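Work through the exercises below with the sequence and the structure open. Try each task before reading its solution.

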Amino acid sequence: MAACIPPGSTAQVKAIPCNIRKEDEVKNLMSSVVSEFGRLDFLVNNGGGQFQSPVSMLSLKGWNAVVDTNLNGTFLCLREAYNAWMAENGGAVVNIILLISKGRPGIAHSAAARAGIDNLSKSLAVEWASNGIRINNVAPGSIYSVTAAENYKDIGDVFRHAIPFTPAKRNGTTEEVSAAVTFLLSPAAAFITGETIKVDGGWDLYQVPWEIPEHDRMPAYNWEKIIEEEDKPKAKL
Ligand SMILES: CCCCC/C=C/C(=O)SCCNC(=O)CCNC(=O)[C@H](O)C(C)(C)COP(=O)(O)OP(=O)(O)OC[C@H]1O[C@@H](n2cnc3c(N)ncnc32)[C@H](O)[C@@H]1OP(=O)(O)O
Ligand SMILES: NC(=O)C1=CN([C@@H]2O[C@H](COP(=O)(O)OP(=O)(O)OC[C@H]3O[C@@H](n4cnc5c(N)ncnc54)[C@H](OP(=O)(O)O)[C@@H]3O)[C@@H](O)[C@H]2O)C=CC1
């Protein structure tokens with residue numbers, strides 16, 4: 001990031017290690033920013049992720065790891081940014097979530113956690129309005145990056161797989177997500193709070209990429225058949 005700063009700019013980049021699952025590290029991150037830079041105007045909760053698994057195969061440990069990272073981590077960052085600076089001075093927040101309107105079979109743990117963030121943002125848009133804080137979400141579709149692809153390399157090319165399900169017929173770029181984030185942080189979004197912007201090339205309006213095997217396990221409601229079953233003599237033990 002530092003290498004991207006144009007010559008002559010006064011911008012600075014400083015990396016402060018922080019596991020967002022650890023309360024003390026998050027407190028340290030927010031207080032360090034305020035003591036080092038004198039202010040904390042913007043917060044982007046971008047850290048997150050998941051692994052692919054049907055719910056039936058998920059261990060509680062795996063579920064907890066994903067919820068802890070995505071939902072609890074975001075909660076801690078929000079609360080500590082508020083305590084360290086934004087309660088007194090206002091600010092703007094963007095949380096990066098997932099497309100969740102149709103559920104997310106295959107990554108249901110992450111979708112549940114991100115739906116929690118979506119709802120938390122709505123509550124905070126009201127709770128923190130009088131502190132001058134705006135809070136919004138960005139829900140990316142399939143966005144290719146080398147690091148994201150590396151994470152899923154063992155389960156195939158998930159980013160290529162997403163293209164047929166995306167009306168734009170391509171993956172999005174990280175710059176296209178950043179454009180939405182910077183808009184929401186900017187004064188141009190001064191009247192937008194508690195909202196989610198999808199950056200997905202139309203994915204969410206289209207098909208869910210989940211194949212349902214042919215089956216007859218959901219027969220139509222049939223009262224006569226239920227009565228017939230009820231009237232059958234019960235086996236005696
Ligand atoms: C699938 C298509 C998605 C497309 C759209 C979305 C794209 C993106 O989100 S791009 C972001 C890419 N980056 C990531 O997703 C980062 C993913 N990794 C993490 O965030 C974390 O590693 C974690 C939250 C998934 C796990 O946290 P961690 O502390 O590292 O937990 P452990 O390694 O200790 O694992 C705990 C427990 O979780 C289960 N588990 C972990 N990884 C997998 C896996 N790859 N497959 C199945 N299960 C997994 C497992 O039960 C672990 O317990 P143990 O078995 O005792 O190790
Ligand atoms: N790429 C995509 O298609 C999509 C991405 N998203 C979301 O966008 C966000 C960015 O993902 P992307 O850039 O694509 O993928 P990356 O894997 O490159 O980014 C994930 C980032 O989250 C950080 N992170 C994970 N766990 C923690 C933690 N406990 N504490 C601090 N940081 C953590 C990682 O840090 P480190 O590198 O140090 O591990 C990494 O920088 C994620 O929330 C992701 O789920 C949502 C929808 C689609």
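## Exercise 1: the shell around ligand 1

Task: Find which helices each supply at least two residues of the shell around ligand 1.

Solution. The model is predicted.
- Step 1. Two helices qualify: α2 (60-89) and α4 (146-151) each supply at least two residues of this shell.
- Step 2. α2 gives the largest, with 5 residues.
- Step 3. Ligand 1 is surrounded by 16 residues. The closest are G49, F51, G62, A65 and A148.
- Step 4. Sort by class. The shell around ligand 1 holds 7 nonpolar, 8 polar and 1 charged residues.

## Exercise 2: the shell around ligand 2

Task: Find which element gives the largest share of the shell around ligand 2.

Solution. 
- Step 1. Collect the shell. Ligand 2 is surrounded by 19 residues. Closest to ligand 2 are G47, G48, I143, T147 and A148.
- Step 2. Assign elements. α2 and α4 each supply at least two residues here.
- Step 3. The largest share, 3 residues, comes from α4.
- Step 4. Sort by class. The counts for ligand 2 are 7 nonpolar, 11 polar and 1 charged.

## Exercise 3: N136

Task: Decide whether N136 counts as buried or exposed.

Solution. 
- Step 1. Locate the residue. N136 sits in strand β3 (residues 133-140).
- Step 2. Count neighbours. N136 has 22 C-beta neighbours inside 10 Å.
- Step 3. Apply the cut-off. A residue is buried at 20 or more such neighbours. N136 therefore counts as buried, with its 22.
- Step 4. List the contacts. Leaving out neighbours within four places in sequence, N136 is in contact with V94, S121, L184, I192, T193, E195 and T196.
- Step 5. Check one distance. I96 lies 40 residues from N136 along the chain, and their C-alpha atoms are 8.9 Å apart.

## Exercise 4: the largest nonpolar core

Task: Identify the residues with the most contacts inside the largest nonpolar core, and the elements that build this core.

Solution. 
- Step 1. Size the core. The largest nonpolar core has 40 residues.
- Step 2. Pick out those with the most contacts inside it: C77, A81, V93 and V138.
- Step 3. Two or more residues each come from α1 (23-37), α2, β2 (91-96), α3 (108-127), β3 and α6 (174-185).
- Step 4. α2 leads with 10 residues.
- Step 5. Follow V93. Not counting residues up to four places away in sequence, V93 touches L43, L78, I133 and I135.

Methods:
Residues are numbered from 1 along each chain as its sequence is written. Chains are lettered from A and ligands numbered from 1 in the order in which they are written. This is a predicted model: local features need pLDDT of at least 70, side-chain atom pairs count only at pLDDT 80 or more; totals for chains, interfaces and linings use all residues. A residue is near a molecule or strand if its C-beta atom, placed from the backbone, lies within 6 Å of it. Helices (H or I, at least four residues) and strands (E, at least two) are DSSP runs, numbered from the N terminus. Ala, Val, Leu, Ile, Met, Phe, Trp, Tyr, Cys and Pro count as nonpolar, Asp, Glu, Lys and Arg as charged, and the others, Gly among them, as polar. A residue is buried if 20 or more other C-beta atoms lie within 10 Å of its own, exposed if 12 or fewer, and partly exposed in between; C-beta atoms are placed from the backbone. Two residues are in contact if their C-beta atoms, placed from the backbone, lie within 7 Å. A nonpolar core is a set of buried Ala, Val, Leu, Ile, Met, Phe, Trp, Tyr and Cys residues joined through C-beta atoms within 7 Å.
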